[in-house]
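This briefing looks at pairs of charged side chains. Side chains of opposite charge can pair when their charged atoms come close.

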Amino acid sequence: MTKENLESIFSKYPGNKKDGLLPILQEIQDQQGYLTDELLAEVGKYLNLPSNKVYGVATFYDQFRFHSQGQYHIRICNGTACHLIGSSTYLAELEKQLKVKAGSTSKDRKFSIEISNCMGACDSAPVIQINDVFYTHVTDSDLDRCIRSIKEKTE
Ligand code: FES
C-alpha cells in the first residue's frame, strides 16, 4: 500500500479520533488484503495510539487477516451449529488435502483457510465459503467435490 493510499484512508477519519480505528483497519484490509506490522504502526501514529494497542484490537477481531489470501480462500464456519455437525472434521480434511493449516496460506499461494465464527446461516449448517461462493448443508461428498475442483483449477 502506498503512502498516498494510506493518507487517503486517514483523510476520511479526520481529527485523529480513536473511534476511527476499526474502520481504518477495515479499509486498509479491503485495499491491501491483509494488515502488516508496519501498517498497524502507521495507524497507531495517526491515532496517537501505541502500536501494541492497535495490534491488540486488530488481533481481537476475527475479520482481520495478517497474511495474504490464497487464490482460493476457504472460510469454514466453526460456530456452534456448524461445530456440532462436524465442521472440525471438515477442517481437518481441508488442511490435509490442501496441505495448509487454518490461519495460513499455502507456500504456492493457491489456498488459504480461515476459521470463521457463525456466518449467520445456522439453519443451513455446516457452511463453507470458497472465495465468494457459499456452500450450505455441506456433506462429505460435497467437500470432496469442492476440494477436487479447486485442486484441478490450480494445476
Ligand atoms: S454456526 Fe455456522 S452458520 Fe451459524
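Predicted model: local features only at pLDDT ≥ 70, side-chain atom pairs only at ≥ 80, totals over all residues.

Residues are numbered from 1 along each chain as its sequence is written, and side-chain values use heavy atoms, with hydrogens and water left out. The structure holds 6 salt bridges (a side-chain nitrogen of Lys or Arg within 4 Å of a carboxyl oxygen of Asp or Glu).

**A helix and a loop**
- Glu27 and Lys12 form a salt bridge with an N to O distance of 2.8 Å.
- Glu27 lies in helix α2 (residues 21-32) and Lys12 in the loop between α1 (3-11) and α2, so the pair links parts 15 residues apart in sequence.
- Helices (H or I, at least four residues) and strands (E, at least two) are DSSP runs, numbered from the N terminus.
- Glu27 is buried at 17% relative accessible area, whereas Lys12 is partly exposed at 47%.
- Buried means under 20% relative accessible area, exposed over 50%, and partly exposed in between (1.4 Å probe, protein chains only).

**Two strands**
- Arg75 and Glu114 form a salt bridge at 3.8 Å, N to O.
- Arg75 is in strand β1 (residues 72-77) and Glu114 in strand β2 (residues 111-116), so this pair ties together parts 39 residues apart in sequence.
- Arg75 is partly exposed at 24%, and Glu114 is buried at 14%.

- The closest N and O atoms of Arg145 and Asp142 are 2.6 Å apart, in a salt bridge.
- Both residues lie in helix α7 (residues 140-153), 3 residues apart, about one turn of the helix.
- Arg145 is partly exposed at 47%, and Asp142 is partly exposed at 22%.
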